[in-house]
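Thank you all for coming; I would like to take a few minutes to go through one interface with you, slowly and in order. Please have a look at the sequence and the structure first, and then we will go on together.

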Number of protein chains: 2
Amino acid sequence: MERNSTYKDSLKQSSLKNTKHRCEILNILDHSESPLSAGEVYKKLSDMNIKINLSTVYRILEVLTEKKLVNRLNIVGDKKALYETNKTTHRHYLVCTGCKMILPINYCPLSLYEAELEKKTNFKIEGHNLDIYGLCPDCQNKIL
Amino acid sequence: MERNSTYKDSLKQSSLKNTKHRCEILNILDHSESPLSAGEVYKKLSDMNIKINLSTVYRILEVLTEKKLVNRLNIVGDKKALYETNKTTHRHYLVCTGCKMILPINYCPLSLYEAELEKKTNFKIEGHNLDIYGLCPDCQNKIL
DNA sequence: GTCAGTGCAAAGATTTTGCACTTTG
DNA sequence: CAAAGTGCAAAATCTTTGCACTGAC
């Protein structure tokens, strides 16, 4: 895959060694519509006939998160952590409480607010987690 | 404690049986500065010499969440769920990535945004999870 | 008395860790 | 070659569940 060289560069810039597994995981997260759990990443790899250990997946996701190549999310109602690549476009998710569908939202209403909060609290704000939940149109109809 | 009658009423209104354990848990969450995990609630009860099983704590928190007497939160970087009583004043938390301190914030910048999003997506929005993270003043100094 | 609530023990799910082997730079 | 990465097995943590007993209404 041509774009794997990009992942290689990202790894290099974060002073991480370039391994096939890391590129594959970055690739998977990069091409996923919605954030994935460690188990889901592992499953995708297995489906692609890539042999890897689940604990390695966890370790890779951990180090990628640390280096900010990946974000770790905790979405409401889901007890496991989800991961997404750290796109330049910051996004949030709208989660359906019925069917658990996850809809990405590209607009973030919080940047102004964060600046304000920084002044008020003297925190050095690094980021935020926001997910919004409700019923998607389909699930609203099912209830009727 | 005089206010336990209030908890009793809340339980009644949610058609839950009034038990000592439930009132005690509501009481603990109500008087906690920051949200607590199931384990922490359990520990507080034990410290008060109240004998209860951890699984009962989980079951109570579950049913209280279901009845909206309590909110379940998933705060960034914490793999376990945290619970808070559902105060009339909706709040968020500012979490220090250094010392893990949790600072409640009473203002919510999202209500207007939610209305807008509801129109745009046709979701029936029920709520959101927001927590903001960064370094508190103390931890900023420690780094220098 | 009935049904919901609880304790206990056990299992399930997710995540982490120690150690030996392998690979990258 | 050294240091970082990986597989495997085992454990740690958090959470849920089945069943029998107890307590609320």
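This is a predicted model: local features need pLDDT of at least 70, side-chain atom pairs count only at pLDDT 80 or more; totals for chains, interfaces and linings use all residues.

Salt bridges, by comparison, number 0 between chain B and chain A.

Which parts of chain B supply the side that touches chain A? At least two residues each come from β4 (92-96), β5 (102-105), α5 (111-121), β6 (124-135) and α6 (137-143) of chain B, and the largest share, 12 residues, belongs to β6(B). Sorted by class, that side of chain B holds 21 nonpolar, 10 polar and 6 charged residues.

Now to the extent of the interface, where 37 residues of chain B are in contact with 37 residues of chain A. The area buried between the two chains, B and A, is about 3100 Å², and carbon and sulfur atoms give 65% of that area. Of the area that chain B buries against chain A, 21% is supplied by B:Y113, B:F123 and B:Y133, which is more than any other three residues supply.

Finally, please look at the strands: β6 of chain A, residues 124-135, is joined to β6(B) by 11 bridges, and the two strands run antiparallel. As one example to find in the view, A:D131 has B:N129 in β6(B) as its bridge partner.

How values were computed
Residues are numbered from 1 along each chain as its sequence is written. Chains are lettered from A and ligands numbered from 1 in the order in which they are written. Side-chain values use heavy atoms; hydrogens and water are left out. Contact means heavy atoms within 4.5 Å. Buried area is the accessible area (1.4 Å probe) that two parts lose on being put together, summed over both. A salt bridge is a side-chain nitrogen of Lys or Arg within 4 Å of a carboxyl oxygen of Asp or Glu. Helices (H or I, at least four residues) and strands (E, at least two) are DSSP runs, numbered from the N terminus. Ala, Val, Leu, Ile, Met, Phe, Trp, Tyr, Cys and Pro count as nonpolar, Asp, Glu, Lys and Arg as charged, and the others, Gly among them, as polar. Two strands pair if DSSP finds at least two bridges between them.
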